[in-house]
Amino acid sequence: MTSFEFHTAAQQFPLLDSERIEELIEDIRQHGQREAIRVLDGKIVDGRNRYLACQRIGVEPHIEHLDDDIDPFAYVWSLNGERRDLTQDQRYLIWKSCAQKSGQWDQMRQKLQKRANQSRSELLKGRPRSCTPSTSCGRDTEKPRGQGSALRAAASKTNRGAVERMDRLQRVRPDLAEKVREGTLSSAEAMREINPDISPHIANNTGDNEWYTPKQYIQLARQVMGGIDLDPASCEAANKVVQAANFYDEDEDGLIQDWQGRVFMNPPYSQPQIQRFCEKLARHVSSGEVSEAVVLVNNATETRWGQMLLSLAAAVCFPAGRVKFWHPEKVSAPLQGQMILYFGSEREKFTHLFKEEGVICHGR
């Protein structure tokens, strides 16, 4: 059998676990090798798992030689970037490594710098001559927050939470980031390593934001507001219950969209996403663009975002018992209590409808 080494580009991705390798071996044994193994400069760029399976069976693998001008890192990402066995954090770390080696990373930085320069020029227009970037006359000359992470999230097909978690992990403990990329350590375990004081529910929240609101709370929110115009942190499955006139999923990224009307929000509970969603809601409520809102979050009253919501809310309900979120494929095991906040002019209506759910407190 012809022997090949593995290209560095291919090694950006973890190999399949033993169970899936056995499934692949059995598939090739029964149906043959249905997809070629791609080789560049005598090294396997794509198809390491197929190659190992063929070795186990003892059959000569089908090889396809790639043109020399192909960028191996961009190529391997385009083929494997959406593998279902990858977590969001793994996917981002793999994309980042491939992007840095292929030159895409520098292109992205140049693009972001160009955007920042344009924003800076626009902000400086119309200023008195005495105004300089360091004396901004009350206007922010910094580049818009979140542009870099949003750009990287879009390119890596992940989200800003994964981008910012893993960028931080790489800065603090690159060895742990490498283990996350390889799939030998979960991101929750890695985050606990760099912050031992982090509580279990916060650590667990770093990887899984997909939990949906029980129908009973949606029905009460709809009765209070008379309907739901927008759910800014949702998905198609969740909206079958929420039935908002409009919703934004992870790909559309509610943080960069307009919010108006009556809003129901059950935001991602991981940082920094929850902080950003709460800040955005507060801005839209304060401006009047969001006329009413019902928000379901953990009762983390000690946090900055928790204090901010409580300071603006007309009323808040602290449910008796933990809310049992749902998911079509997972079993809920809530680790702490929740609070349901109301923003708007129907405080008494909210109180009347939610009083059976738990203790109600009124805002200022």
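User: How many disulfides does this predicted model hold, and what makes a pair of cysteines count as one?

Analyst: The predicted model holds 0 disulfides. A disulfide requires two cysteine sulfur atoms within 2.5 Å. For Cys317, the nearest cysteine sulfur belongs to Cys361 and is 9.1 Å away.

User: Why is Cys317 called buried?

Analyst: The relative accessible area of Cys317 is 0%. Buried means under 20%, and Cys317 is therefore buried. Cys278 also has a relative accessible area of 0%, so Cys278 is buried as well.

User: Why is Ala320 called exposed, and where is Ala320 found?

Analyst: Ala320 is found in the loop between β9 and β10. Its relative accessible area is 69%; exposed means over 50%, so Ala320 is exposed.

User: What is Ala320 in contact with, leaving aside its neighbours within four places in sequence?

Analyst: Ala320 is in contact with Glu357 and Gly358. Its C-alpha atom is separated by 9.0 Å from that of Glu356, a residue 36 places apart from Ala320 along the chain.

User: Which residues touch the most other members of the largest nonpolar core?

Analyst: They are Leu281, Val297, Leu309, Leu341 and Phe354, in a core of 45 residues. At least two residues of this core come from each of α11 (215-225), β7 (261-265), α13 (273-287), β8 (290-298), α14 (304-312), β9 (315-319), β10 (338-343) and α15 (347-354). Another core, of 28 residues, lies apart from it and includes Tyr92, Leu93, Leu169 and Val180.

User: What does Leu281 touch, not counting residues up to four places away in sequence?

Analyst: Leu281 touches Trp259, Val263, Met265, Ala293, Val295, Leu309 and Phe343.

User: Why are α11 and α15 called roughly antiparallel?

Analyst: The axes of α11 and α15 cross at roughly 150°. Angles over 145 degrees count as roughly antiparallel, so α11 and α15 are described in that way. Their axes come within 9 Å, and the crossing is right-handed.

User: Which residues of α11 and α15 meet?

Analyst: On the side of α11, the residues are Tyr217, Leu220, Ala221, Gln223 and Val224. They meet Lys349, Phe350, Leu353 and Phe354 in α15. Phe354 is also one of the residues that touch the most other members of the largest nonpolar core.

Terms used:
Residues numbered from 1 in each chain as written. Predicted model: local features only at pLDDT ≥ 70, side-chain atom pairs only at ≥ 80, totals over all residues. Heavy atoms only, no water. Buried < 20%, exposed > 50% of the residue type's maximum accessible area, 1.4 Å probe, protein only. Core = buried A, V, L, I, M, F, W, Y, C linked by side-chain atoms within 4.5 Å. Helix = DSSP H or I, 4+ residues; strand = E, 2+ residues; numbered from the N terminus. Contact = heavy atoms within 4.5 Å. Axes fitted to C-alpha atoms, helices over the stretch in contact; angles between N-to-C directions. Parallel < 35°, antiparallel > 145°, perpendicular 65-115°, else oblique. Left-handed = near helix turned anticlockwise from the far one by under 90°.
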